[in-house]
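Please open the structure in your viewer and keep the selection tool at hand. The tour goes from one selection to the next and says what can be found at each.

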Amino acid sequence: MPEGPELHLASLFVNKVCEGVVFTGPVTKSAVSKNCDVSFICEAYRIQASSRGKEVKLTLTPIKSDVKEGSTEQTMDIVFRFGMSGYFRFTSEDELPKHAHLRFFSNEKPCRVLSFVDTRRFGSWQPNGSWQRGRGPCVMFEYESFRKKVLSNLSNRAFERPICEALLNQNYFNGIGNYLRAEILFRLSIPPFVQARTVLESLELEDLAADTTPEKEELDDQKTSDRESKRTSQPADLLRLCHTVPLEVVNMGGKGYDPQKADYSDFQAWLRCYYVAGMKSTRDHNGRTMWFSGDSGPMVPKECKSTKAKKRVKKEDNDAAMVAEIVPKVKTEKCVKQEARNGKTGLRKRKVKQEGEVTRTCDNTRCLRSNKTSEAR
DNA sequence: CGTCCACGTCTAC
DNA sequence: TAGACCTGGACGG
């Protein structure tokens with residue numbers, strides 16, 4: 001599910017299914033979850049949701065006339081982060097999904113359950129929570145303050161990173177994730193490993209394209225491969241695309257990134273770069289896969305020029321490294337693992353550019369296969 | 001069977 | 001800036 005658009009779609013989903021529904025009793029947690037208990041007990045309450053960047057807030061509101069002994073009586077906000085696999089579902093009690101880790105019960109007979117489902121359990125919730133400190137304005141719904149915050153903090157060291165890595169910094173780009181950074185940079189043909197400050201320092205605080213309709217942007221985007229003609233037509237710049245590209249996903253009306261769902265094919269067709277056949281991919285400095293086309297930019301992680309001699313490689317990895325035959329002892333463990341992977345699988349299925357350069361080109365096999373699977377559903 | 005990979009944070013050296 | 005935190009699907013042998 002989970003980048004900004006999916007979180008927002010989740011909040012829309014909750015508001016839709018919970019409209020007019022009265023919830024009751026305790027909020028229960030799965031035995032296996034390490035997150036907080038939610039000590040909210042109320043005979044009758046409603047649930048509303050809102051989103052900001054990569055967080056969703058549920059507001060539990062007691063229905064006044066029904067307040068009884070033992071009820072909490074107070075409104076409670078619970079703030080969720082979705083990790084890699086979180087989402088909400090609304091089902092009957094006996095159809096509770098596997099990995100439903102937090103559950104809210106309706107007062108209907110038979111009752112229905114709003115549940116927070118999270119297969120990998122990287123997600124979290126905070127009872128009586130508020131939007132996390134250190135996360136900036138939402139790229140979708142607080143666009144002006146998002147833009148202002150970025151452009152008035154360009155001297156910050158965060159912007160010394162490559163632009164593709166800065167885009168994952170939720171202090172400035174709350175809502176952007178791995179597929180969005182690829183799609184956004186691809187639309188503007190910005191090499192992912194150019195220093196963020198370099199890319200952003202020429203942008204104006206005021207968004208001159210703010211009046212441009214999405215349709216117009218779309219046309220501009222298609223026909224203007226030369227940057228010069230963009231000036232007069234005031235095209236969308238990088239920060240604006242951080243706003244409009246996620247909104248495209250929201251407005252598609254599907255579920256966004258969710259390979260398990262039948263309507264995933266719409267989302268898949270929308271993707272122009274991320275996991276698309278023929279695109280290149282490489283690991284960024286944090287080990288995340290960056291999808292792009294064309295030039296990678298100067299700050300691309302090189303052939304693991306490690307600055308300091310590192311700890312010995314773990315035995316398993318060492319074996320793999322020996323097989324690959326290309327790993328000097330000074331490399332970091334992450335590099336070793338990565339190259340070991342290239343040696344074992346990457347080199348076979350994907351083209352590796354030059355010696356040591358870890359840029360790969362998607363050769364279609366995996367992409368086409370996943371196409372087939374999703375169509376088959 | 002085993003290995004790799006995935007939409008993201010966190011936190012401990 | 002490495003892991004750690006998790007489950008499960010795709011793929012290879």
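Predicted model: local features only at pLDDT ≥ 70, side-chain atom pairs only at ≥ 80, totals over all residues.

Residues are numbered from 1 along each chain as its sequence is written, chains are lettered from A and ligands numbered from 1 in the order in which they are written, and side-chain values use heavy atoms, with hydrogens and water left out.

Begin by selecting residues 4-18, which form helix α1; helices here are DSSP runs of H or I with at least four residues, strands are E runs of at least two, and both are numbered from the N terminus. Helix α1 has 15 residues and reaches 21 Å from its first C-alpha to its last, close to the 21 Å expected, where the expected span is 1.5 Å times one less than the number of residues. Of the 15 residues in α1, 11 are buried (under 20% relative accessible area, with exposed meaning over 50% and partly exposed in between, for a 1.4 Å probe and protein chains only), and among them are L7, L9, V14 and V17. Just after α1, select G20, which takes a positive phi of about 75°.

Next, move to residues 238-252, helix α8, which also has 15 residues and spans 21 Å from its first C-alpha to its last. Helix α8 is mostly covered, with 12 of its 15 residues buried, including R240, H243 and P246. At the start of α8, show the side chain of D237, one of whose oxygens reaches to within 3.2 Å of the backbone nitrogen of L239. Just after the helix, G253 takes a positive phi of about 80°.

The axes of α2 and α8 come within 10 Å and cross at roughly 145°, the axes being lines fitted to C-alpha atoms over the stretch in contact, with angles from 0 to 180 degrees between N-to-C directions. Where do α2 and α8 meet? Y143, F146, R147, V150 and L151 in α2 meet L239, R240, C242 and H243 in α8, contact meaning heavy atoms within 4.5 Å.

Finally, select S152, in the loop between α2 (143-151) and α3 (163-166). A polar atom of the S152 side chain lies 2.5 Å from the backbone oxygen of K148, and the C-alpha atoms of S152 and L205, 53 residues apart along the chain, are separated by 8.2 Å.

Key
Polar contact = N/O pair within 3.5 Å; in protein donor to acceptor, adjacent residues only side chain to side chain.
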